[in-house]
Amino acid sequence: MLSIKNLHASIGDKEILKGINLEVKAGEIHAIMGPNGAGKSTLASIIAGNETYEVTEGEISLEGEDLSDLAPEERAHKGVFLSFQYPVEIPGVSVTNFIRTAINETRKANGKEEMPANEMLKVIREKSELLEIDRKFLSRSLNEGFSGGEKKRNEIFQMAMLEPKLAILDETDSGLDIDALRIVANGVNKLKSDKNAIVVITHYQRLLDYIVPDFVHVLLNGKIVKSGDASLALELEERGYDWIKQEQEA
Ligand code: ADP
Ligand code: MG
Ligand code: MG
């Protein structure tokens, strides 16, 4: 699904990513962990096409197609979803109307007709029931006065509706409370299928009590320095990152 080879990226003359290699297959959940400032959010932004960063070397492809020359919207239309893509508050535009527009834009970009209104309603009903999102929430203005948990709910709802091929969830540094963690975890577990791939970026091992990743990668100073299975996350929880730094220096 996602293939990253020798990815280097900079901002100004500061190199942030220093040769990332990552292969994510359909049906897999990968967790990327690492200390603050390692480059986790930068990696997520670059996959989604954020043009703030300059890719100086390497390549990123989705289902074999090189993404390099594609703008963020084009990547989204091809099925790349990054959480917090739409963090803006839009008074007067409801959660439902926003997603309706996003879905139809995606369909249009892929040469399909708009989704008929009755089908849209049906899908909205199904997905909101699956994720236990109540009606009232769906009619609220996008992100306006949303709590942390509500932002997560919206994000997971967007993901459920858009059915991305590749979902990247960057949990950022803002403290997620236990409810928000559960919302994300439930969403991910319910939406996981053999047709999509999910990359969860987190430094909370706690989240991985609810989402069991197939692979865990440690990102340190712009490089993936260690990969393992879910047990690696537990080891990191127990031992921190210093032992990995020492392994690197040795
Ligand atoms: P993480 O998500 O792992 O905490 P980030 O990807 O946010 O790390 O940041 C990695 C490094 O790149 C940090 O040193 C950060 O200061 C720097 N960085 C990221 N984005 C920018 C930016 N837009 N401008 C300047 N420096 C940046
Ligand atoms: Mg950070
Ligand atoms: Mg970050």
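This is a predicted model: local features need pLDDT of at least 70, side-chain atom pairs count only at pLDDT 80 or more; totals for chains, interfaces and linings use all residues.
This note walks through a ligand shell, a helix pair and some paired strands.

1. Residues are numbered from 1 along each chain as its sequence is written, while chains are lettered from A and ligands numbered from 1 in the order in which they are written.

2. Start with ligand 1, whose surroundings include G34, N36, G37, K40, S41 and T52 (a residue is near a molecule if its C-beta atom, placed from the backbone, lies within 6 Å of it). Helix 1 (residues 40-48) gives the most to this shell, with three residues. Helices (H or I, at least four residues) and strands (E, at least two) are DSSP runs, numbered from the N terminus.

3. Next, look at helix 6 (residues 148-162) and helix 7 (residues 178-191), which pack at an angle of about 10 degrees with their axes 8 Å apart. Axes here are lines fitted to C-alpha atoms, for helices over the stretch in contact, and angles run from 0 to 180 degrees between N-to-C directions. Helix 6 is therefore roughly parallel to helix 7 (angles under 35 degrees count as roughly parallel).

4. Now the strands, which pair if DSSP finds at least two bridges between them. Strand 11 (residues 215-220) pairs with strand 3 (residues 29-33) in the parallel sense over four bridges, and with strand 12 (residues 223-228) in the antiparallel sense over five bridges. Follow H217: I32 stands opposite H217, and H217 also stands opposite S227 in strand 12.

Terms used: Angles under 35 degrees count as roughly parallel, over 145 as roughly antiparallel, 65 to 115 as roughly perpendicular and the rest as oblique.
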